[in-house]
Amino acid sequence: MSQSNNHFDQETGAAAEQPSLVPNDAKMTGHPKGLYLLFFTEMWERFSYYGMRAIFILFMTKMLLIGAGDASNIYGSYTGLVYLTPLLGGYLSDRYLGNQRSIITGGVLMAIGQFLMFFSASSAGVTALTLMWAGLTFLIIGNGFFKPNISTMVGQLYPAGDRRVDSAFTIFYMGINLGALFSPLICGTLAEKVDYKWGFLAAGFGMIIGLITFLISRNKLLVNHLGEAIGKPVRKLDGKAIAMIVGAILLVFFLMNFKQWFHSDVDLVAYLIYGSMIVVPLVIISDKSLSKEEKSRIWVIFILAFFVIFFWSAFEQAGASLTLFADEQTDRHIGSWVMPASYFQSVNPLAIIVLAPLFSILWMWLGKRNLEPASPRKMAYGLALLCLGYVVIALAVKGVDSTVKISMYWLFALYILHTMGELCLSPIGLSMVSKLAPARFASLLMGTWFLANAAANKLAGTLSALIPAGAGEHGASAAATAVPSILGFQITNLYDFFMVFIVMTGVASAILFLMSGTLLKMMKGLR
């Protein structure tokens with residue numbers, strides 16, 4: 001969950017650098033009621049997002065009968081664009097809508113998207129596909145409005161320098177993990193045990209509950225320490241802003257439909273995301289106003305953003321290939337009851353809730369002894385733990401026939417190791433960007449970090465598409481279809497498939513660890 005948790009570091013880091021302007025009555029242990037409104041709204045939005053995400057690839061492969069490879073690429077395009085559109089949503093919020101209207105706009109669009117997914121699951125053939133594309137479009141654009149705005153409002157509830165901000169974000173992000181914990185259990189049960197349409201409907205109702213609560217209480221509770229309303233509109237929408245919103249919806253719908261409409265293998269979403277990852281950094285680093293020290297720190301951001309792509313592309317197999325693996329190759333029987341494959345999506349948020357306090361204590365204990373690893377080394381450790389998770393699952397499937405299903409506890413072990421890797425990586429994120437970025441380039445460099453997450457999610461879909469036909473190492477059905485390959489390496493079984501991630505994350509971890517000393521020097525005293 002901590003791709004979202006990156007906002008925690010950005011907000012708390014920024015607040016810590018400001019002079020204390022806290023009035024005496026603000027220095028207290030209690031929190032404004034507005035925090036709990038934002039907590040509740042975010043919890044239900046994450047319930048909606050992760051509930052849909054847990055069942056999405058299974059819906060495509062089981063109900064729409066889309067092949068695992070194509071379904072994986074659609075999943076990657078969807079999650080990739082989810083991390084790209086906050087750039088537009090943030091821009092429009094800052095200049096026109098304000099935080100509150102952006103959250104409402106995003107919530108309404110996402111609710112429409114989930115209900116379109118419900119109607120897609122209630123239909124068949126071309127109608128079902130068209131409704132799915134429309135649903136994904138509304139979810140993508142809605143997320144763009146919602147995601148960058150709700151966490152920003154948490155910091156606005158407090159005066160500058162208020163020490164309660166750190167604990168406020170801890171409470172707020174518990175909402176993310178609670179929503180992500182329960183949504184696969186509820187939406188997954190309805191989808192896999194009853195019908196997929198009810199899973200999407202539950203996700204839609206989750207968004208509606210959060211939205212109604214926000215609308216009812218926002219005017220009363222969303223005020224700062226002086227009682228002034230926060231997140232209000234900046235100015236009225238003009239024709240240009242409305243055109244941007246409509247244009248974005250039409251563009252995303254076109255991008256998602258391009259392959260189907262034109263019977264083309266060209267992936268325009270990939271070109272857009274990967275092209276942006278090249279163009280934006282080049283534009284920034286070529287600016288003549290940058291000093292040598294500023295360029296050095298910016299290069300650190302770019303290098304770490306590059307390694308972030310490897311981490312999240314392997315981590316985000318959770319919603320793609322690992323869900324297919326859980327469904328087809330994992331023994332999910334507990335007595336006579338068969339656990340839905342989507343339930344595995346709840347392991348990560350549960351592990352975060354349990355392990356995050358322990359990691360926090362560990363970093364503090366090491367910090368007091370001047371032993372806490374710097375950001376690049378933490379990222380290297382995170383990649384190493386991710387690699388170890390794939391080693392575990394690769395050993396589990398090695399030599400296993402396609403008719404044999406492995407114990408679910410192997411998959412539990414993978415998810416716990418991956419969560420530990422995530423908790424090593426979470427201190428990096430936007431807090432590092434906010435420290436290293438020159439003030440005049442802060443927004444663009446934040447955008448670059450979002451682009452890295454978008455690229456990682458798109459790559460996750462591409463890598464998931466390499467999963468071989470037939471489960472197990474000796475899948476008999478694999479011979480009936482083209483054997484997937486990457487860089488000349490043929491993937492004939494699941495052991496080969498998981499080896500791709502072992503090599504990718506293992507090599508990335510080793511290189512980053514070796515580079516960490518150089519990167520620390522390039523950071524010019526910042527850690």
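Which residues does Met 60 touch, not counting residues up to four places away in sequence? I took contact to mean heavy atoms within 4.5 Å, and I found Leu 65, Ile 66, Ala 71, Ile 74, Tyr 75 and Met 132.

I note that this is a predicted model, in which local features need pLDDT of at least 70, side-chain atom pairs count only at pLDDT 80 or more, and totals for chains, interfaces and linings use all residues. Residues are numbered from 1 along each chain as its sequence is written, and side-chain values use heavy atoms, with hydrogens and water left out.

**Cores.** I looked up nonpolar cores, that is, sets of buried Ala, Val, Leu, Ile, Met, Phe, Trp, Tyr and Cys residues joined through side-chain atoms within 4.5 Å. For burial I used a 1.4 Å probe on protein chains only: buried is under 20% relative accessible area, exposed is over 50%, and partly exposed is in between. The largest core has 152 residues, and Met 60 and Met 132 are among those with the most contacts inside it, as are Trp 449 and Phe 498. Another core, of ten residues, lies apart from it and includes Ala 351, Leu 355, Phe 359 and Leu 423.

**Cysteines.** I searched the whole structure for disulfides (cysteine sulfur pairs within 2.5 Å) and found zero. The sulfur of Cys 387 is too far for a bond, because the closest cysteine sulfur, in Cys 424, is 14 Å away. Cys 387 is buried at a relative accessible area of 13%, and Cys 187 is buried at 0%.

**Helix 17.** I took helices (H or I, at least four residues) and strands (E, at least two) as DSSP runs numbered from the N terminus. After helix 17 comes Lys 524, with a positive phi near 55°.

**Loops.** Ser 342 sits in the loop between strand 3 (337–338) and helix 12 (347–368), and I found this serine buried, with a relative accessible area of 0%. His 263 is not a glycine, yet its phi is positive, at about 50°. I placed His 263 in the loop between helix 8 (239–262) and helix 9 (268–285), where His 263 is exposed at 74% relative accessible area.
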